[in-house]
Amino acid sequence: MGPTAVVSRRGADRVRTGHPWVYRSDVISVAAEPGDLVCVSNDRDRHVGWAFFSSVSQITLRFVSTARRVPDERTLIGSRLAEAAAYRRSLDIDATAYRLLNGEADRLPATVVDRYADDTGSWFVVQTLSEASDRRLALLCELLIEQFEPQGILARNDPKVRRLEGLPEQVEVLYGDVPDRVMVREGVVRYAADLRHGQKTGLFLDQRENHAAAARYTHGATLDAFTYNGGFALQMAARARSVLALDASESAVASTRANAAANGVTNVEVRVANVFDELRELEIAGASFDTIVLDPPAFAKNRDAIERAIAGYKEINLRALRILSPGGHLITCSCSYNLDEAVFLHTVQQAAIDAHATIALVEKRMQARDHPVLLGVPETYYLKCLIVRKLA
């Protein structure tokens, strides 16, 4: 008999209702080595499924299947990669950078694969965020080469979440040559992706479709707050009279300026600024904008930070609504999964009340379709994007 685990009734019910994680408190026993694929049963010896075992994390079991039998690991991982790639092809993504594999939502837990390409080739940036996925990193790399023939593969295994699995934070080339930067295309706009040092695996790929949506509502004077590399600003520039892009990071501002120059965009002004302070100063100066984007970093990285996060989101939305012209649109985002959609909506509504603004909700959006949400797993629905119109 191979590696096995027994879970409580509560743990088995959690899997039955669609959540692939079982926490340590619901694991009765385990006979396995760290990172093993284990056959899981409940306390009545009934089969539950197959899961990757973590000896360190509170998430002890991450399920990959509820079937009676699973194929060998090479076949299993290879088929999941192929299925994920086929789905992305069906989306007809108008970009050369996108998420190929999105962890639990593609049934390969704690595993991320992003593809970046330019005119000369393609590269994969991977993240293995658990003991089990990290143990299979070499196999993942081998299968990516076999199925896609990339020029190189980079492991961006520097997220702090790896500490919860007892894993080191590191960045390393696994295969071929990986340039520091790749000039990728998103629609008609080109961006330099810093694969080794950029946010996440180089870019915020999850906002791609929201960039395009925001552009559809753009007119007149436009403000892009927390611009990072100009993702919203450059997509909106073609329809804006002018764009003011703000970010507290000097390197982000330099990147946005370079991206604007690469695209021949001349109506974007980029400024280093603390957005909270700058919104207040713009209000005092009597500034007004026809379109505003708020895309801040996660304010609530854990449940203890929720109250402070709500205050932060309310503050920036209130200030933005005060300087938004009647008839204008606010595109406001939260990537804090600890702050659910209902709370975010309520926070924006309260900001509107305090700003003495009447607003209408035009669209509720989320992360791009190559970052699918697994129903029943709230952790996979993290990015909320609201588009509202100021009526008065």
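This briefing describes a sheet, its helices and several single residues of one predicted model. The model is predicted, so local features need pLDDT of at least 70 and side-chain atom pairs count only at pLDDT 80 or more, whereas totals for chains, interfaces and linings use all residues. Residues are numbered from 1 along each chain as its sequence is written, and side-chain values use heavy atoms, with hydrogens and water left out. Helices (H or I, at least four residues) and strands (E, at least two) are DSSP runs, numbered from the N terminus.

**The open sheet**

- An open sheet is formed by 6 strands in the order S2-S6-S5-S4-S1-S3, with mixed pairing; two strands pair if DSSP finds at least two bridges between them.
- Strand S2 (21-23) and strand S3 (27-31) are the edge strands, and each pairs on one side only.
- On average, neighbouring strands of this sheet are turned by 30° against each other, direction ignored. Axes are lines fitted to C-alpha atoms, for helices over the stretch in contact, and angles run from 0 to 180 degrees between N-to-C directions.
- Helix H1 (residues 9-16) packs on the sheet and touches strand S1 (4-7), S2, strand S4 (37-42), strand S5 (47-53) and S6; contact means heavy atoms within 4.5 Å. The direction of H1 makes about 165° with that of S2.

**Strand partners**

- S2 and strand S6 (residues 59-65) run antiparallel and are joined by 3 bridges. Val22 stands opposite Leu61 in S6.
- S1 and S4 run parallel, joined by 4 bridges, and the bridge partner of Thr4 in S4 is Cys39.
- S1 also pairs with S3, in the antiparallel sense, over 4 bridges; in S3 the bridge partner of Thr4 is Ala31.
- In a regular strand the side chains alternate between the two faces of the sheet. The covered face of S1 has Ala5 and Val7, while the uncovered face has Thr4 and Val6.

**Helices H2 and H4**

- Helix H2 (residues 73-90) and helix H4 (residues 137-148) pack at an angle of about 50°, and their axes are 10 Å apart.
- The two helices, H2 and H4, are therefore oblique to each other. Angles under 35 degrees count as roughly parallel, over 145 as roughly antiparallel, 65 to 115 as roughly perpendicular and the rest as oblique.
- H2 contributes Glu73, Arg74, Ile77, Gly78, Leu81, Ala82 and Ala85 to the contact. The residues of H4 in this contact include Leu139, Leu140, Leu143 and Phe148.

**Burial and exposure**

- Of the 9 residues of helix H5 (residues 208-216), 7 are buried, so H5 is largely enclosed by the rest of the structure. Buried means under 20% relative accessible area, exposed over 50%, and partly exposed in between (1.4 Å probe, protein chains only).
- Among the buried residues of H5 are Arg208, Glu209 and His211.
- Ala261 lies in helix H7 (residues 250-262) and is exposed, with a relative accessible area of 58%.
- Ala261 and Leu223 are 38 residues apart in sequence and 18 Å apart in space, C-alpha to C-alpha.

**Two residues with positive phi**

- Most residues other than glycine have a negative phi.
- Asp45 has a positive phi of about 65° although it is not a glycine. Asp45 lies in the loop between S4 and S5 and is exposed, with a relative accessible area of 66%.
- Arg107, also not a glycine, has a positive phi of about 65°. Arg107 is in the loop between strand S7 (97-102) and strand S8 (111-118), and is partly exposed at a relative accessible area of 39%.
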